[in-house]
Amino acid sequence: MEPSLTPGNLGKLGMWTFLAGDAMIFGAAIAAYGALRINNPNWPVPADYLGITTPAVMTFILICSSFTMVEALDGVQHGKQSKFQMFMALTVLGGLLFLGMQAFEWHRLIAEKGMSVQRDLFDATFFILTGFHGCHVFGGVMYNGVLLIRAMMGKIPQAKAGLVEVAGLYWQFVGLVWILIFTFIYLI
């Protein structure tokens, strides 16, 4: 029996349920970051300490990949396999670029700034929040990569566009969460 909330797509209901739980986890983590930071005289000014250029480019890439995901979904919904595959490949590439830049940033911060999860609360919350998000991006890259491979094998026809829609919900969530993390950790 299909639920009336998401007719014809039980997977979408499952993804919305997962994302609701995940939003609570990220919300709690960001709130904990704020609670630890507020009135802490030893908290560094994040933009000065971390730098802003690399995370700003990462943000731009992730936002662009949200648009490519929308175009991939449009392609499969309208039976345009070449469009779907091209934009899904761009979405996966965007995720991989984001992860590569995150690895570069972490390496720089560890090597040049001596940051460590064990050093202080700022470092710990930074690595936990950005690392947890990075794990989500990795999961999304894998998810979208599998869909791309299946599409290249002819196994994602227009009739299965719901599979891509569910993946799109996840990918948009990952982008939205990063915008919040970027704002609270790097800008404020």
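This is a predicted model: local features need pLDDT of at least 70, side-chain atom pairs count only at pLDDT 80 or more; totals for chains, interfaces and linings use all residues.
If we leave aside the neighbours within four places in sequence, G134 is in contact with L99 and Q102. Q102 lies 32 residues away along the chain, and yet the C-alpha atoms of G134 and Q102 are separated by 7.7 Å.

Now let us step back to the whole chain. Taken along the principal axes, the C-alpha atoms fill a box of roughly 55 × 35 × 20 Å. Of the 188 residues in the chain, 43% are buried. When we consider contacts with a separation of 6 or more, residues 24 or more positions apart account for 76% of them.

Next, the packing of two helices. Two packed helices are described by the angle between their axes and the distance between the axes. How do α1 and α5 cross, and within what distance do their axes come? The axes come within 9 Å and cross at roughly 160°, and since an angle over 145 degrees counts as roughly antiparallel, that is how α1 and α5 are described relative to each other. The crossing in which α1 passes α5 is left-handed. On the side of α1, the contact is made by residues including M15, I25, F26 and Y33, while α5 contributes, among others, L121, F122, F132 and Y143.

A pair of aromatic rings is described by the distance of the centres and the angle of the planes. The count for this model comes to 14 aromatic pairs. In one of them, Y33 and W43 are arranged edge-to-face, with 5.5 Å from centre to centre and 75° between the planes. This pair links distant parts of the chain, for Y33 belongs to helix α1, residues 10-37, whereas W43 sits in the loop between α1 and α2, and the two are 10 residues apart. Are these two residues buried or exposed? Y33 counts as buried at 3% relative accessibility, and W43 is buried as well, with a relative accessible area of 10%.

A second pair brings us back to helix α5. F122 and F126 are stacked, at 6.5 Å centre to centre and with 20° between the planes. They are 4 residues apart in helix α5, which spans residues 121-152, so about one helical turn separates them. F122 counts as buried at 2% relative accessibility, and F126 counts as buried at 0%.

Which residues form one aromatic cluster? The cluster holds both of our pairs, Y33 with W43 and F122 with F126, together with Y49, F98, W106, F127, W178, F182 and Y186. One member, Y49, has a further neighbour that I would like you to find on the screen: K113 lies over the face of Y49, at 5.2 Å from the ring centre.

Technical notes. Residues are numbered from 1 along each chain as its sequence is written. Side-chain values use heavy atoms; hydrogens and water are left out. Rings of Phe, Tyr and Trp (its six-membered ring) pair if their centres lie within 6.5 Å; planes under 30 degrees apart count as stacked, over 60 as edge-to-face and the rest as tilted. Buried means under 20% relative accessible area, exposed over 50%, partly exposed in between (1.4 Å probe, protein chains only). A charge sits over a ring if NZ of Lys or CZ of Arg is within 6 Å of the ring centre and within 35 degrees of the ring normal. Axes are lines fitted to C-alpha atoms, for helices over the stretch in contact, and angles run from 0 to 180 degrees between N-to-C directions. Angles under 35 degrees count as roughly parallel, over 145 as roughly antiparallel, 65 to 115 as roughly perpendicular and the rest as oblique. A crossing is left-handed if the near helix is turned anticlockwise from the far one by less than a right angle, and right-handed if clockwise. Contact means heavy atoms within 4.5 Å.
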